[in-house]
Amino acid sequence: MSSTVILGTGSYAPERILTNDDLAHTVETSDEWIRTRTGIRERRIAAPGESTSDMAVHAARRALVDAGVNPAEIDLLIVATITPDLPMPACACLVQAKLGVPSTAACFDLNAACSGFVFALDTAAAMIGSGRYRRALIIGAEKLSAIVDWQDRTTCVLFGDGAGAAVLAPSPGAGRGFIGAQLGTLGESADLLFIPRGGSSAPSTAESIAARDHCIRMKGKEVFKLAVRAMDDAAREILEHHHVRPDQIALVIPHQANLRIIEAISEYLELPMDRFFVNVDRYGNTSAASIPLALDEARRAGRIRPGDLTLLVSFGAGLTYGSALVRW
Ligand code: ACO
């Protein structure tokens, strides 16, 4: 198995900003409640007609420029998303066509919710490691505004839209790039965070749409507890497996769901909060887009230097969780 390096990253967030105060006009909530419970101040909302694939393409173009790679060189394209433009075909196929990625590329979607980017990174690294793929484009992109119940204050304040991308290639030398990942799944808890209708077991009906059962439903307290435990475990396990001490991590890029979850992981790992990249205040939870959006912002802000070790750690619907170590 050859190892994999991240050649470049890119991200995109729609222009429209929806603040907590804006939300307080439509549901019974307040800026104070949202900020103190979640750390979120505002989130981005896609423009009418702007799709997940459009946002994915913006982020991908920036990652390709950063990597110095032409779309014609891409032979593997994975879009991690729970909000594809259409149930069929895969969002990755639409992104392929918009970007001009060749027909010989393998293009597919990956549904692991908020853990989607970490799952895609591990998948792409394994496929590159097999020696059969040389240039992978992995994207996390979500238009969660399309599946949020805007009348449910317990969920609508949490989510936002956006995209992030990375270009991967075989590593020219050892000691740099993707070191490993630790993925996990708690399928028995699937009903804590799900969309009740619109799938093959329960197609949407006029009544179910009127009841907004095609939107996200979440048991927030239970998800919170499991998220902290699973992210702590995923972080701890990967560090132990690779004989890395927490203080050797230059920057943690956690899934941006809730500042309190990130603070709990900081305490558990005994790593100060200045070693955690946080942008949940500006974007809310963008599911599969959250980690690549944060990773790209951290790189562009100079928070990641050559030689730095970074830890990505995620948790999402499924329930899925995962961690990954990357040396820059
Ligand atoms: N504004 C005002 N009050 C509210 C709001 C709101 N937006 N939402 C809920 N409340 C009320 C509740 O109704 C409840 O009132 P009650 O006591 O009268 O019944 C009270 O606030 C407390 O509600 P809780 O749910 O207990 O609040 P909690 O402190 O647990 O915070 C939250 C809720 C923020 C959702 C938290 O549980 C959380 O972050 N959970 C994890 C979510 C997450 O991380 N998801 C990750 C995966 S997402 C994915 O994969 C797509």
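Predicted model: local features only at pLDDT ≥ 70, side-chain atom pairs only at ≥ 80, totals over all residues.
**Entry 1: the ligand site**

I began with the ligand and looked up its surroundings. There are 25 residues around the ligand, and Thr29, Arg37, Cys114, Lys221 and Asn258 come nearest. I sorted the shell by residue type and got 13 nonpolar, seven polar and five charged.

Next I asked which helices supply the shell around the ligand with at least two residues each. They are α2 (31–38), α6 (153–156), α8 (220–241) and α9 (259–269). The largest share comes from α8, which gives four residues. I also checked the domains: domain 1 (4–175) and domain 2 (178–327) each provide at least three residues of the shell.

The side chain of Arg37 has an N or O atom 2.8 Å from an oxygen atom of the ligand. I then took the area: the ligand alone exposes 1,000 Å², of which the protein buries 76%.

**Entry 2: the second largest pocket**

I turned to the second largest pocket, which holds about 170 Å³ of space. I listed its lining as Val5, Ile6, Leu7, Arg176, Arg299, Arg300, Ile304, Arg305, Pro306 and Trp328. By type, six of these residues are nonpolar and four are charged, with no polar ones.

Two elements, β1 (4–12) and α11 (290–300), each supply at least two residues of this lining. The most comes from β1, with three residues.

Where does this pocket lie relative to domain 1 and domain 2? The second largest pocket lies between them, because both domain 1 (4–175) and domain 2 (178–327) give residues to its lining.

**Entry 3: backbone details**

The bond from Met88 to Pro89 is cis, and its omega is near 0°. Pro89 sits in the loop between β4 (76–80) and α4 (91–99).

Gly318 and Leu319 are also joined by a cis peptide bond, with omega about -10°. I placed Leu319 in the loop between β12 (309–316) and β13 (320–327).

Glu270 has a positive phi, near 55°, although the residue is not glycine. I found Glu270 in the loop between α9 and α10 (280–283).

Terms used
Residues numbered from 1 in each chain as written. Heavy atoms only, no water. 1 Å grid on protein atoms, 1.4 Å probe; cavity = no way out; pocket = protein on both sides within 12 Å on 5 of 7 lines; lining within 4 Å. Points joined across faces, edges and corners; volume = space filled by probe spheres on them. Nonpolar A, V, L, I, M, F, W, Y, C, P; charged D, E, K, R; others polar. Domains from an automatic or database assignment. Near = heavy atom within 4 Å. Polar contact = N/O pair within 3.5 Å; in protein donor to acceptor, adjacent residues only side chain to side chain. Areas by Shrake-Rupley, 256 points an atom, 1.4 Å probe, with all protein chains shown as cover.
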